[in-house]
Amino acid sequence: MIKLEGAVKIYGKGEAAFTALNEVSLEIKKGAFSAIVGPSGCGKSTMLNVLGLLDRLTHGKSFLDGHSVSGLADSRLSSLRLKKIGFVFQSFNLLPRLSAYENVCLPMRYGSVPAREMKKRAHQLLAQVGLEGREKSTPLELSGGQKQRVAVARALANRPELILADEPTGNLDSTSSKEILDLLMRLNSGGMTLVMVTHDMNLAALAGRIYKMKDGRIED
Amino acid sequence: MILGIALKSGLLEIARHKTRSFLSFFAIAIGAASFYLSFSYMYGGKRQMEDGFNLAGRARLDISRDSAYMDRGISPGLTYADAGLIAKEFPELNVISPKSSQWARVSYENFEAESDVAGVLMDWAKIGWVYKLRGRFITQDDIDSNSKVCVLIQEGGWLRKKPAWRKLWKYQEKLKSFIKHNDLLGKDVLIGVSGSAAMRQGESRDRKQHLFRVVGILEEPPQDDDPRWFGTSGDEIIMPFSTFRKYLSGSDRLDGITVDCGDAKKLPFYKTALEKLLAARHNGEKDFMVRDFAEQMASIMSRIQEQLITIIAIGAVALLAGGIGIMNVTLAIINSRVKEIGIRRALGARRADILLQFVVEAVLLGFIGGSAGTALGWVAVDYLSRDEQSLRYFAFWIPAVSVLIAMAVSFLFAIVPAWKASRLEPVDALRYE
């Protein structure tokens, strides 16, 4: 599904240069549940951004479904993100002015999903994450757990093959954390590839494969 | 669908930044209102002129004395004989209307005024007739027998309420006003050469007043509904040319001759032919002008356009200020929504989607400001049109173009900030707090 070969990501230039990823190579198979763990500043989020085609490598190669994505144009990367990748962020990143329903519809609008299909799918997804009847609520009217469930529904809107979750339970209480984790696990059981960044080893233990990172490298 | 999102976001942003949005709206609105007013003037002026020419005859040629000509005593000048010659050479012409006018002293009982008297032929009635006639007009018999008859012109008043600012306008033709309140039809009035006219013509002129019978009253249309683009003729008393010559002017000199060729296509031919004919009669002196419809229209339009440049310049400056306001608002909106740009990009939005998002929001500001300005312009035009007839013509393109200009200005000023927003790297935008 995703592969990195000798991935290097350097921010800044000269003396201010900082190597966030240093010769990282990994391969995540389709349908796998992988966890990336490590202390703050070890390069976990950079790794997720690179895997999610939000950031470009300074050196090295990255592949998605066997095709190199290193030199693709911005519009092509946007298109791949739209169709193949769903993001779940620690701070939810919902658009505050839009309702739960509209937040879920947003990726479908960019994907030009027909209106009727979009409406049906958004309602189904919100029901799937247990938010039936809260379609019109704005993020301000939802609890942290509910917001994250909207974010998961939004990540699934364009039926992606890969979910990238960056500390998805980091801002949630234990009950909500469990609900979100159960939700993600169910998706993975259904065949969805799941990559989760976390500093919580208990959560990482649920993954099929754990990548421990330190100073921009993956430790064996 | 993307347009729908952009429109909704735009409205929300406007609601969130009311003061800033209002300032932008205000400048854009003033600009759009100025353009609305200018377009209304231009369009209305042209339409009114066309209607006026249709009324007066599109196949009309106006022969007049060239005021710039220095008399060297070679040419006899424009005279009644010229009109006779034209009639003789071109008997097929529908209308040949010579006219001469001068100031005269008019008295009736205790009333006395200096008024403009015109000597005309019956063809005068065939050019731009807009009057309501009481009594009768002058006849061929009157002309043939130098009858001491005259027709008075009475002002038409106002159809609607007289505009307040016109009340400040003190000047009013004294006689027209007098006639309005005193029915002189069938009465005899005294008319004689005025002091100023006598001085010009030499003290030998007979300054005696003669009694003229008022055989008709011509009521002008209401001032706020006068179809003549050229306004009132200025004449207050009309009399047969022969009578005018005998008792007032004492000469054959004319102010002008109006000719109607019957067909606008024949204008070039008659223009050339008349110029040639008159030049030969005037011993080669070009002391007259022959002007046709198109020439007069072009000359008047160019005058209108000159006046409008000022209004358009004010509008352009206001729109420029509005555009800068829109740019400021767009920049502020973008700065407050960098994180949102990152989220949208992570969800799959392309750069073009982000660009469109902010451009649509700015154009929406322009649309609302432009619409408000157009409404303001409409109110202004509605008020001014009580007095200014050219503003009574309406075309759908006038509000449409005014709003479109406001939207175009907003688009032009928003495109650079929106383009910069679209170039933000998604990962940088996502990190922004």
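**Close-up views of a predicted model**

**View 1. Strand 3 and strand 8 of chain A side by side.** Strand 3 (residues 33-37) and strand 8 (residues 193-198) of chain A run parallel and are joined by five bridges. Here, helices (H or I, at least four residues) and strands (E, at least two) are DSSP runs, numbered from the N terminus. Look for Ala35(A), whose bridge partner in strand 8 of chain A is Met196(A). This is a predicted model, in which local features need pLDDT of at least 70 and side-chain atom pairs count only at pLDDT 80 or more, while totals for chains, interfaces and linings use all residues. Residues are numbered from 1 along each chain as its sequence is written, chains are lettered from A and ligands numbered from 1 in the order in which they are written, and side-chain values use heavy atoms, leaving out hydrogens and water.

**View 2. The open sheet of chain A.** Six strands line up in the order 6-7-8-3-9-10, with mixed pairing; two strands pair if DSSP finds at least two bridges between them. Strand 6 (85-88) and strand 10 (217-219) of chain A stand at the edges with a single partner strand each, so one side of each has no neighbour in the sheet. From one strand to the next, the twist averages 25 degrees. Helix 6 (residues 174-189) of chain A lies across strand 3, strand 7 (162-166) and strand 8, at about 150 degrees to strand 8 of chain A. Axes are lines fitted to C-alpha atoms, for helices over the stretch in contact, and angles run from 0 to 180 degrees between N-to-C directions.

View 3. Met118(A), Arg121(A), Ala122(A), Leu125(A) and Leu126(A) are buried in helix 4 of chain A (buried means under 20% relative accessible area, exposed over 50%, partly exposed in between, with a 1.4 Å probe and protein chains only). These residues cover an arc of only 130 degrees around the axis, which puts them on the same side of the helix; the arc is that of the directions from the helix axis to the C-beta atoms. They pack against helix 3 (100-110) and helix 5 (144-156) of chain A, contact meaning heavy atoms within 4.5 Å. The face turned away from the buried side carries the exposed residues Arg116(A) and Lys120(A).

**View 4. Gln209(B) in its loop.** Gln209(B) is found between helix 7 (195-201) and strand 7 (210-219) of chain B and counts as buried because its relative accessibility is 17%. Its side chain reaches the backbone oxygen of Arg105(B) at 3.0 Å. A polar contact of 3.0 Å also joins the side chains of Gln209(B) and Ser107(B). Such a contact is a pair of N or O atoms within 3.5 Å; within protein, one must be able to donate a hydrogen and the other to accept it, and residues adjacent in sequence count only if both atoms are side-chain atoms.
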